[in-house]
Each structure stands twice: as structure tokens, then as C-alpha cells.
Amino acid sequence: MIVNESATARLGLGEVEEPEPTPSEALVRVFAVSLNRGEVRRSQTAEPGFRPGWDLAGIVERAAADGTGPPEGARVVGLLGSGAWAERAVVPTGALAELPDGVSFGQAATLPVAGLTALYALEKGDGLLGRNVLVTGASGGVGLFALGLASLGGARPVALVRREEHAGLVREAGAAEVAVGEGAAAAGRFGPFDLILDSLGGGPLGEAMGMISPRGTCVAFGPSAGAEATFDVSAFYLSGGASLYGFILFHEVLAKPASDGLARLTKLVAEGRLAPRISVEEPWTEVGPVARRLLDRGYPGKAVLRVEG
């Protein structure tokens, strides 16, 4: 799949060279991928021919020559910096995890970016048991995983959503409380918060910064509501030991390999303790319309494309 200026959402199928793995990479036959807002937005300005795609699930056709990673024939899930939306992809073994029985390719494909972001962002807090956790943009892929994982960890997750019709969805995912509104101020009555996961940026981030508990942490990982935020610096530092953490998944996996986090997430899915929310599932020929709906916030949760060669 490549960036094509004449295609819907600038995304369409195209011919590329067959990938050739390095000794520490496995060749994977891809069966399912999922879409993330970041990669779709990047595709809107990328050069024609650019190959997007972060999330994939499939079967190892050729194991890594250096003997690391899953063996040939293994069902796997993986994370790439680009190029995952393809019939075949080469994936570093440190970014691959084998799938337990009972976890489908579609379920697995939702996990790399959204699941790992939720998992690793929650770990920036000082433990979860008994903690008050605010998740903004809670009806999105990351938000729904964060609610489920926070609940499993013994936290009290509070979900912030823009639409009242998403309240039931986030409660089902694990939210103890739900706030509805365009800004984070709607969640103020449930605060202060020991940990805030913010995907909105802009005004909502500025509001959320005033709700941090002493020694609490706000993890910022997205700017969907705006790239610039204004907040009360006095209120922030007077809370005592609070911190703002800038989160980029592809930086985090340098210290915590994706393979480790993906193994943990797939185990939870296999045990029925974590449930990916797939709102859209289509053949990959429909990437343009599905991507356009994602940009327009046309569905909560995740969209999965079946790779059909």
C-alpha cells in the first residue's frame, strides 16, 4: 500500500519490490493490519510512493537468519516504523511476538501502536492500584485499551469523551466514571488525578494540567485537539512534584522492546481479560474510505483491514 495523490485519502494499492530481511529480521506474510490516526495523517502530506503502516499480524514465512525471534510458520503480531500495510513485510525480531491460540489476526493487528501506547503510558505512573487515572480521548483505540488495562491494574479510570453516545462504550471498556465534553474541565469533578493520559493536546491538555495530584504525572502522546496548550504554571508546580511526560512510542520501544509488551497484551486477550474493540473490518482495497472515516472521527475503537493477495 502506498501514498497515491489521486486515491481516496491519498492511499491505495501499488506494486513495490519484494522485501529482503537482514539477519535479525523475519519475513512475515501479512494477513491483517490496523489503522492509526498518526500514520493516516502523515500520509496526507507524504511524498507519493511512501509506504505507511505500523501494525501487522500474519505468519512467519522465513525466520530470522540469526536464530532470534519466532520460527517459520509461527502466527505473529508486529510493529514497524513504516511499510506494514503490505502482503509481505520484514520485521525486526525485537518487534515481533507469537500469538497465543484463540487470538485472531484481526484482534492482534489492533495491538502494536494502540495497545503498546496504552500499556507503556500507564507504566509512567507510580503504580495503578488505587490510583485515580484520567484518560482523554477515551473512545479511541489507545483510550479503550488504557481503560481496560488501568481497570485490570486496580486503578479508578475516568474516561473523557466528546459524545454522550460513547459513554456506554467506555464503561464497558473499564471506565469507573465518564465525563462528556469538548474540554478536560468536564472531568474536574472526578479529580484530582494521579495519572493523566492525554491524546488531545491543545486546550484540554492545559485544563488537565490543573488537575494533577501531588507527585502525579500527565503523559501527553497526541495533539488531536491542538498542537499548542496554555496552562497555569503556578497551579502546576504548587501541586508538588507533578510532571509532564512527552510520550513517543517509537522512542519507548528502544528501552522496552515491542516484543515484550506485545507478548503481555496478547496473553491478556487470549485469557479474555482485554478485549480489542474493532468497529470496522474491511478488505484492504477499502483503505481509502476507511482512512477518511478515521480522519473524520467516524467510528470509535479500531479499524482492521484484511490483506487479500
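Modeller: Lys302 sits in strand E15, residues 302–306; helices (H or I, at least four residues) and strands (E, at least two) are DSSP runs, numbered from the N terminus. This is a predicted model, where local features need pLDDT of at least 70, side-chain atom pairs count only at pLDDT 80 or more, and totals for chains, interfaces and linings use all residues. Residues are numbered from 1 along each chain as its sequence is written, and side-chain values use heavy atoms, leaving out hydrogens and water.

Biologist: Is Lys302 buried or exposed?

Modeller: Buried means under 20% relative accessible area, exposed over 50%, partly exposed in between (1.4 Å probe, protein chains only). Lys302 has 3% relative accessibility, so it counts as buried. Leaving aside neighbours within four places in sequence, its contacts (heavy atoms within 4.5 Å) include Asp55, Thr110 and Arg277.

Biologist: And how many salt bridges are there in the whole structure?

Modeller: Side chains of opposite charge can pair when their charged atoms come close. We call it a salt bridge when a side-chain nitrogen of Lys or Arg is within 4 Å of a carboxyl oxygen of Asp or Glu. The whole structure has 15. One of them joins Glu123 and Lys256, with the closest N and O atoms 2.5 Å apart.

Biologist: Which parts does the pair of Glu123 and Lys256 tie together?

Modeller: Glu123 is in the loop between helix H3 (111–122) and strand E8 (132–135), and Lys256 is in the loop between helix H8 (249–255) and helix H9 (258–270), so the pair links parts 133 residues apart in sequence. Glu123 is partly exposed at 30%, and Lys256 is partly exposed at 32%.
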